[in-house]
Amino acid sequence: MAVVRRWYLYISATIGLQGFAWSLIWLLHGVLVASIRPSISATAFQLAALVLCLPLWLIHWLWSERLARRDQAERASAVRKLYLYGNLAAFLIPLTGSVYELLDTVFALLSGARRTDPQAQIWYGVIASLVLGALFAYHSVVARNDAHQAPLAGAGALVRRVYLLFAAGVGLVIWVNGVMDLIRLIFSSASGTAVVQLLISAMLNVFIGVIVWLGHWWRAQRLFASADEDERSSAFRKFYLYLVIVVATITAVTNATFLLAGVFRGLLGLRVEGNLIDVMAPMVVSAVVALYHASVIQTDAAAIAEGPRQAGVRRLAWYLVAAIGQVATLVGIGGLLSVIIRGFAGADAIADLREPLAWFGATLVAGLTIWAICWRQIQRAATTTGETGVAERSSLVRRIYLFGFLFVASLTLLSALIYMLFRLISIALGEPFSGNLLADLAQAIAFGLIAAGVLITHGFALRADTRMREAAELSRQAQVRVAVVAEGELAEQIAGVLRQQFPQLALTIVGGAPDADAQLTSADLIVGTWQPTSDPNRLNRYPARKLLVPVANTNWAWVGIEPATMANIPAQLAQAVRQTLAGEPLRPQRGVGAGAIVGAIVAIVIVVFIIVGMVQVALFTFT
């Protein structure tokens, strides 16, 4: 009931608030600017919206405020935070735009530049800045008071965190664009009124961007520095930091590629086009942004240990950048090999090969640099001893990265070999061929060699991961003592399966021996079966973790769980021991159902079609 009421109140208040704000802005703009002369219908519509939206907002907002004063749960609710911070974000972007337009127009007039209708632009900037600024300030004060009266946690804290980092990102983008434009203009040789106006615009972007970014980032940093563990362990903060680093790195690497291509073109005697500062400005600014946010991540790591979700965000960022760098590296190597083969074959004049040589060389250098840096960090984490290294090597992101490149490399090698055999067999069968055969096969040979290299290197990486993971598992097994509690032949079957799958376990079968109590006391795990006739207090005396399968008899039935057969008990216990050793939650072992079989068949058919399609595309490309 309360949740439905909250959604109704805050959605209605949002509609009324936004309608009131914009109808008031455009109504005042039409009234105060003589050159606008709005139509009667437009003025009537704005008046109608203003008259209806203002009470709609006030009624629902005052209602929600009265509920918040009565109940702290209302004040701390995530829906209320979504209203406050959502409207703050909705006001922030147009507010920065209106302030920029106002200041830009004023400075343009002071510098002697001409504008089409400066009066209309100034009035719009003043009106929108005042209205949006007042509403932004009011909701900001309400949000700040709410946070003091009812500390945020859970979803409410996440909403505030998303807003702060989103607003900081908006300010950072504005600042970066302004700094890049400012650098280009400072090193530009142009002059005149137009350049002055561009310089003013760039400086305004820098000024506004700094205010927006610093105001929100400073607040986010203060929250992180507080004793709030929810803020410190936030995965979204890590996502924001790594997202900025990834985007800035890609921008820097892309412009570095253009820069290197220009250098190589000059060395090869080709004409160098473009302006150096056009690629240097974004490269330098992006590098500075990436380095600053990387330093923030290091500071965060020194303040608080990395959690599982934060580690997942970090892995995703590192492997994503590494994948981009590796793709660029492979494209550069493949292109260079193709150029070299065509050059040796004499299919093209050396002058015609200089252009691709410059671009593929630049792609190789830029991609290899970023991939080497990322892969070194990745491998350093993966080769760490202990549970941290095991988690890195077993992570889903790493497996997707390695197997993804193996899959693409396999298809690339298959396509290259098919094309080469197709061309050789068609010539052997008498099909006429004109030109240089080696040059024709150059691209297939180059990418086939690259694919083979990827298969070898990533295959070795997977084998190394497997060996280290198995060694860690055996070491962990050797430290665990297991006591099997079951009757007769079943106990031997359970022990046999456990010895087969976990050869390093210290395993004993507890029977009626005199030392049975000592074996159970010293055990780390007790596995076996549990029957209704067993003494319920017998095993409670021992500190070991118990992994037991309930077994029914004639007069007893276990309701709510799947019945266990004697043949399936050893496998279920082995599955439970494996999950316990790996620190995973216990899940029963289930057989393959009809849905899984159908899904596997469909997946195989889809993969076959993908392979056939890629081979056809490769044949079409090579031919």
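1. Helix α4 (residues 78–110) and helix α5 (residues 118–149) have axes that come within 7 Å and cross at roughly 150 degrees. Here axes are lines fitted to C-alpha atoms over the stretch in contact, with angles running from 0 to 180 degrees between N-to-C directions. That angle makes α4 roughly antiparallel to α5, since over 145 degrees counts as roughly antiparallel and under 35 as roughly parallel. Helices are DSSP runs (H or I, at least four residues) numbered from the N terminus.

2. A word on the model before going on: it is predicted, with local features needing pLDDT of at least 70, side-chain atom pairs counting only at pLDDT 80 or more, and totals for chains, interfaces and linings using all residues. Residues are numbered from 1 along each chain as its sequence is written, and side-chain values use heavy atoms, with hydrogens and water left out.

3. Back to the α4 and α5 pair: α4 passes α5 in a left-handed crossing (the near helix is turned anticlockwise from the far one by less than a right angle). Their contact divides into 21 nonpolar, 8 polar and 4 charged residues. Nonpolar covers Ala, Val, Leu, Ile, Met, Phe, Trp, Tyr, Cys and Pro; charged covers Asp, Glu, Lys and Arg; the others, Gly among them, are polar.

4. How do α4 and α6 cross, and at what angle? Their axes come within 8 Å and cross at roughly 10 degrees, which makes α4 roughly parallel to α6. The contact (heavy atoms within 4.5 Å) includes Y85, L88 and L92 of α4 along with Y163, F166 and I174 of α6. By class, 13 nonpolar, 2 polar and 2 charged residues take part in the contact of α4 with α6.

5. The contact of α14 with α16 has 18 nonpolar, 5 polar and 4 charged residues.

6. A cavity is a set of points on a 1 Å grid over the protein atoms alone where a 1.4 Å probe fits but cannot get out, and lining residues have an atom within 4 Å of a point. The largest cavity has a volume of about 50 Å³, volume being the space filled by probe spheres set on the points.

7. R161, L164, L165, A220, L223, E231 and R237 line the largest cavity, dividing into 4 nonpolar, no polar and 3 charged. Both α6 (155–186) and α7 (193–225) supply at least two lining residues, and α6 gives the most, with 3.

Terms used: On a 1 Å grid over the protein atoms alone, a cavity is a set of points where a 1.4 Å probe fits but cannot get out, and a pocket is an open set with protein on both sides within 12 Å along at least five of seven lines; lining residues have an atom within 4 Å of a point. Angles under 35 degrees count as roughly parallel, over 145 as roughly antiparallel, 65 to 115 as roughly perpendicular and the rest as oblique.
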